[in-house]
Amino acid sequence: MKDLLLIDGYNFIFNFFKTARLNNDDIEHLKDKLIADLIAYDSQKDNDLILVFDASKRENPLRSSEMIDHIKVIYSRKGETADTIIEELVSRWSDHRKIFVVTSDYSQQKVIFGKNTVRRSCREFGLELASARGDIMKRVKKENKNTKRAFYPLEKRLDPEMRKRISDYRKS
């Protein structure tokens, strides 16, 4: 069974991006950026990823979730915290698999430590995300370089006599 990576979404955003005051558009932008970074990270690692967000400002009476690529995104219900969901998931899965929890919340760290559960700080995981993004960029540049080297226009593949015959044919 794959390792499970649980990320406290808002805790990561506010701790890693070091932002004190954000408007809703900024938060949505950072949520989208985090999800895009996790998708890139997921392409490099073999983990199950669950991203948990508090829905305290929403009036949703039910917990909701969605799959974005291979990442499960869970929104808590009104009055429920992401910490509660993470603690529930750790308790459910820690006997069966290794779990990594990304949070800088000290009170949660004390609760989640246990069998097969490891904490990663937001800073540490942010650096890991940046490293995965850098690895992907290096691979893309290498592939682009190789593709350009492998591409030969038709004119370069034909011998001079054949090029002249085609040129003459076009003129007629």
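Predicted model: local features only at pLDDT ≥ 70, side-chain atom pairs only at ≥ 80, totals over all residues.
Me: Is D37 buried or exposed?
Reply: The cut-off for buried is under 20% relative accessible area. R133 is partly exposed at 34%. D37 has a relative accessible area of 11%, so D37 is buried.

Me: Where does R63, the salt-bridge partner of E88, lie?
Reply: E88 and R63 have their closest N and O atoms 3.1 Å apart. This pair links distant parts of the chain, 25 residues apart, with E88 in helix α3 (residues 82-93). R63 is in the loop between β2 (47-53) and β3 (64-68).

Me: How many residues apart are K164 and D168 in helix α7?
Reply: The side chains of K164 and D168 meet in a salt bridge, 3.1 Å from N to O. K164 counts as exposed at 51% relative accessibility, and D168 as partly exposed at 37%. Both lie in helix α7 (residues 160-171), separated by about one helical turn, which is 4 residues.

Me: Which residues join R63 and E88 in one network of salt bridges?
Reply: The structure holds 11 salt bridges. Some of them share partners, and one network formed in this way includes R63 and E88.

Me: What arc around the axis do the buried residues of α3 cover?
Reply: The buried residues of α3 are A82, D83, I85, I86, L89 and V90. Their arc puts them on the same side of α3. The arc is only 160°.

Me: Which residue is the bridge partner of L51 in β4?
Reply: β2 is mostly covered, with 6 of its 7 residues buried. It runs parallel to strand β1 (residues 3-8), joined by 6 bridges, and L4 stands opposite D48 in β2. A further 5 bridges join β2 to strand β4 (residues 71-75), also parallel. In β4, the partner of L51 is V73.

Me: Which kind of aromatic pair do Y10 and F14 form?
Reply: Y10 and F14 both lie in helix α1 (residues 9-16), 4 residues apart. Their rings are 6.4 Å centre to centre, with 45° between the planes. Planes under 30 degrees apart would count as stacked and over 60 as edge-to-face. The pair is therefore tilted.

Me: Which kind of aromatic pair do Y41 and F125 form?
Reply: Y41 lies in helix α2 and F125 in helix α5, so the pair ties together parts that are 84 residues apart in sequence. Y41 is buried at 1%, as is F125 at 0%. The ring centres are 5.2 Å apart and the planes are at 70°, so the pair is edge-to-face.

Me: Which residue lies over the face of F53?
Reply: F53 forms one aromatic cluster with Y10, F14 and Y75. A charged residue lies over the face of F53, at 4.8 Å from the ring centre. That residue is K31.

Definitions and conventions:
Residues numbered from 1 in each chain as written. Heavy atoms only, no water. Salt bridge = Lys/Arg side-chain N within 4 Å of Asp/Glu carboxyl O. Buried < 20%, exposed > 50% of the residue type's maximum accessible area, 1.4 Å probe, protein only. Helix = DSSP H or I, 4+ residues; strand = E, 2+ residues; numbered from the N terminus. Arc of directions from axis to C-beta. Pairing = 2+ DSSP bridges. Phe/Tyr/Trp six-rings, centres within 6.5 Å; stacked < 30°, edge-to-face > 60°. Lys NZ or Arg CZ within 6 Å of the ring centre and 35° of its normal.
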